Amino acid sequence: MRFLDSWVTPAKTAACLTLLVGLSAGLGLNMRTVEPNISPFAAEDESQGACSTPSGSLPGTVEASGLETATGGDIVPVRFVGDPYPSLHSVAVDPENNKVVMTDSNRGGLLVYDRAAGTPLDSSAVSEPLTQVRGPATGMMFVAGVASDPRNHELFAVNNDIGDRMEVFPSDAEGNTKPKRILFVPHGSWGVALNPKREEVAITVEHANTVVVYRRNASLGDAPLRVLHGSNTGLQDPHGISFDEAHNEISVANHGNWAPLTRAESLQGELKGGKFDLPSITTYAGDANEDQAATRKIQGKHTELNWPMGIALDPVHDEIAVASYGNDSILIFQRDAQGDVTPVRTIGGSRTGIAGPMGVSIDAKNDEIWVTNYREHSAAVFARTARGNVAPKRVLRNAPSGSPAVGFGNPGAVAYDSKRDQILVPN
């Protein structure tokens, strides 16, 4: 292993810190070391000298104080705002093995539950996972999309905004374990879908309005097989994605906002700026590539789409379910629907327990729909044919009932509003 800086090993760090502490003692300084941040994926490199440092930088973090009045060091915060419980993001059901896997974007991990887990909506019982994968060795950070591959006994997890990689774990992985393999993916990757028939994995990329398709077992810096991108594709901040093996199609949920990220994009024919369109579900040929247009599109006021996130295909009943985050609902459409169509069914309302749905997965074998609630510590399970303001069959809670969900989603800055005495945290 090596540190995130990539140029020093733990053995070298120990030697360097011993030297530095010795020097500090001679100078009358009080020095204390802070544990460096270790990357689990870097290979050890002994080619550098024991204390060689690029550009005069020091390995790890070293704090020095020579004055009694100086403050610093490992100081405990006066207070902190954080969520000690998982924030359930995406979900994938494995009915063949009676398991369901969910991503935890708050603490960077995977949670695997028994498919039958959960209690009635009015129960406050917490469901314990069968296994969980979490820790620095996993490499997971702000983990978003997840896919389950029962045939190859693997779990796929995509890091969104930070990490820029996809980790693949054995389906029985547990604890702070290294992934089976990793794949470096574009910045802003979100959703992931598998096509076992084609032995492919497809990933949506939010900011670049792109879908990248790789070999299922691609790793490290392998190039994608295909890149779907361009003004004709209709990809606009894509999130959820699903593969339809039977009809050889890919469907994508789009938020509707688009902006050119390169000069070439902004000068296609005429100067182009960003734009906001209505959310949509776009469907493409399974081998779509480059600037290829969608074969059909669901878009319009009647669709009720509002920040569509995860998307799931029911190949048995020819339906598509979408987690509509903006209006706390699950929208179900006919697979081949297009245009400004009304959902064939909608699940939403005060009795459903749906709050900020991020992920959705259809279990056609057991006639159930799973929904992850990002604004609450829960996942709800409904009958596949549920509609309207109905109570779920059961609810899976991962925190005591009533535990507040802070809702941080990769916070990147902080500001203080002195007039209102508020802390502002953009995500």
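Author: Buried means under 20% relative accessible area, exposed means over 50%, and partly exposed lies in between (1.4 Å probe, protein chains only). The model is predicted: local features need pLDDT of at least 70, side-chain atom pairs count only at pLDDT 80 or more, and totals for chains, interfaces and linings use all residues. Residues are numbered from 1 along each chain as its sequence is written, and side-chain values use heavy atoms, with hydrogens and water left out.

Reader: Is S87 buried or exposed?

Author: S87 sits in the loop between β4 (61-65) and β5 (88-94). Helices (H or I, at least four residues) and strands (E, at least two) are DSSP runs, numbered from the N terminus. The relative accessible area of S87 is 5%, so the residue counts as buried.

Reader: Which residues does S87 touch, not counting residues up to four places away in sequence?

Author: Contact means heavy atoms within 4.5 Å. Residues up to four places away in sequence are not counted here. That leaves T103, D104, S105, N106 and Y374.

Reader: What share of the residues in the protein chain is buried?

Author: The chain has two helices and 32 strands. Its length is 427 residues. The buried part of them is 45%.

Reader: Among contacts with a separation of 6 or more, what share joins residues 24 or more positions apart?

Author: Take the contacts in the protein chain with a separation of 6 or more. Residues 24 or more positions apart account for 54%.

Reader: What volume does the largest pocket have?

Author: On a 1 Å grid over the protein atoms alone, a cavity is a set of points where a 1.4 Å probe fits but cannot get out, and a pocket is an open set with protein on both sides within 12 Å along at least five of seven lines; lining residues have an atom within 4 Å of a point. Grid points are joined across faces, edges and corners, and a volume is the space filled by probe spheres set on the points. Of the 40 lining residues, V93, S148, L194, L313 and I362 are the closest to the centre of the largest pocket. Its volume is about 1,100 Å³.

Reader: How many residues in the lining of the largest pocket are nonpolar?

Author: Ala, Val, Leu, Ile, Met, Phe, Trp, Tyr, Cys and Pro count as nonpolar, Asp, Glu, Lys and Arg as charged, and the others, Gly among them, as polar. β5, β9 (143-149), β13, β17 (238-244), β23 (308-314) and β27 (357-363) each supply at least two residues of this lining. Nine lining residues are polar and eight are charged, while the nonpolar ones number 23.

Reader: Which residues lie nearest the centre of the second largest pocket?

Author: This pocket has a volume of about 510 Å³. Its lining has seven nonpolar, 10 polar and three charged residues. Of the 20 lining residues, those nearest the centre are E206, W307, M309, G409 and N427.

Reader: How many charged residues line the largest cavity?

Author: The structure holds one cavity of 30 Å³ or more. Its lining is D149, R151, N152, L194, N195, P196, E199, E200 and R216. Two of these are nonpolar and two polar, and the charged residues number five.

Reader: What is the phi of N98?

Author: Most residues other than glycine have a negative phi. N98 lies in the loop between β5 and β6 (99-104). N98 is not a glycine, yet its phi is positive, at about 55 degrees.

Reader: Is E290 buried or exposed?

Author: E290 lies in the loop between β21 (280-285) and β22 (296-299). Its phi is also positive, near 55 degrees. Relative accessibility is 54%, so E290 counts as exposed.
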